[in-house]
Amino acid sequence: MKLFMFYVGGNCGNSNVELHDVRFSIGETPEDCHEDLRRQWWGDADSLHLDCWGAVEQADGFDITLTTDAPAEGRDKLFFVNLGGYDPAEFSELHKNILLVMPDENSAKARAKAQIRHWTLPHRDRLFDVEKAVDVTASMQRYGYSLKLTKAAREKPFTFVCKYLPIA
């Protein structure tokens with residue numbers, strides 16, 4: 001089994017623009033995750049589609065594998081951090097999605113913020129806002145799996161597909 005990260009989109013109610021979210025699921029293939037993604041979607045069911053997806057096999061210098069073994073106590077965890085900020089030349093909020101291996105959410109937020117120094121305007125309060133930090137390690141337990149993080153011997157880039165794919 002593999003951990004997959006998906007960038008899903010669709011409409012919700014009377015929205016004027018498409019809404020998006022990042023979701024995680026597990027399966028042997030991305031297609032194995034489609035039913036789970038449909039259950040996770042809160043918007044109009046007939047509008048759900050994928051924009052990007054990929055297997056998360058490595059992040060932040062760690063190889064990532066799924067195991068049914070009990071999670072080890074006191075270890076680093078995999079965090080997904082979504083940052084929000086502004087650029088005066090763009091009529092929208094900018095976002096950056098980051099996977100980090102850290103011991104806790106506050107450490108993950110601080111490290112993520114250091115990666116967006118090039119944005120020129122803060123989200124609020126003169127700080128770039130970490131909109132959401134998700135403990136992916138803990139969330140995989142709902143599937144009956146634990147994430148095993150092992151220091152990687154060599155770097156492997158995150159490979160992903162960007163393509164509009166309806167899955168409603």
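**Entry 1: cavities**

I took a cavity to be a set of grid points where a 1.4 Å probe fits but cannot get out. The model I searched is a predicted one. Over the whole structure I found one cavity of 30 Å³ or more. I noted a volume of about 50 Å³ for this largest cavity. Which residues line the largest cavity? I listed Ala-55, Glu-57 and Gln-58, together with Lys-156, Pro-157, Phe-158 and Thr-159. I sorted the lining of the largest cavity into three nonpolar, two polar and two charged residues.

**Entry 2: confidence**

I looked up the pLDDT next. The protein chain has an average of 86, and 89% of the residues reach at least 70. I marked residues 124-128, where the pLDDT falls below 50. Beyond near neighbours in sequence, I counted 12 contacts for this stretch in the model.

**Entry 3: largest pocket**

I then turned to the pockets. The largest pocket has a volume of about 540 Å³. I found 19 residues in its lining, and the closest to the pocket centre are Tyr-7, His-20, Asp-21, Val-22 and Asn-82. Which elements give two or more residues to this lining? I noted four strands: S2 (19-27), S6 (77-85), S7 (94-102) and S8 (129-135). Strand S2 gives the most to the lining of the largest pocket, with six residues. By residue class, I recorded eight nonpolar, six polar and five charged residues in the lining of the largest pocket.

**Entry 4: second largest pocket**

For the second largest pocket I noted about 230 Å³ of space. Its lining includes Met-5, the residues Gln-58, Ala-59, Asp-60 and Gly-61, and also Asn-97, Ile-98 and Leu-99. Lys-156, Pro-157 and Phe-158 line the second largest pocket too. I checked these names against the cavity of Entry 1. Gln-58, Lys-156, Pro-157 and Phe-158 are in the lining of the largest cavity and in that of the second largest pocket. Strands S4 and S7 are the elements that give two or more residues to the second largest pocket. Which of the elements gives the most to this lining? I found that S7 does, with three residues. I classed the lining of the second largest pocket as six nonpolar, three polar and two charged residues.

**Entry 5: the sheet with S4**

I followed strand S4 into its sheet. Three strands make up this open sheet, in the order S4-S5-S9, and I read the pairing as antiparallel. Which strands lie at the edges? I put S4 (58-59) and S9 (146-151) there, as each pairs on one side only. I found two bridges joining S4 to strand S5, residues 62-67.

**Entry 6: salt bridges**

I counted eight salt bridges in the structure. Side chains of opposite charge can pair when their charged atoms come close. I looked up the pair Glu-35 and Arg-38, whose closest N and O atoms are 3.1 Å apart in a salt bridge. I placed both residues in helix H1 (residues 34-40). Glu-35 and Arg-38 are three residues apart, about one turn of the helix.

Definitions and conventions:
Residues numbered from 1 in each chain as written. Predicted model: local features only at pLDDT ≥ 70, side-chain atom pairs only at ≥ 80, totals over all residues. Heavy atoms only, no water. Pairing = 2+ DSSP bridges. 1 Å grid on protein atoms, 1.4 Å probe; cavity = no way out; pocket = protein on both sides within 12 Å on 5 of 7 lines; lining within 4 Å. Points joined across faces, edges and corners; volume = space filled by probe spheres on them. Nonpolar A, V, L, I, M, F, W, Y, C, P; charged D, E, K, R; others polar. pLDDT = per-residue confidence, 0-100. Contact = heavy atoms within 4.5 Å. Salt bridge = Lys/Arg side-chain N within 4 Å of Asp/Glu carboxyl O.
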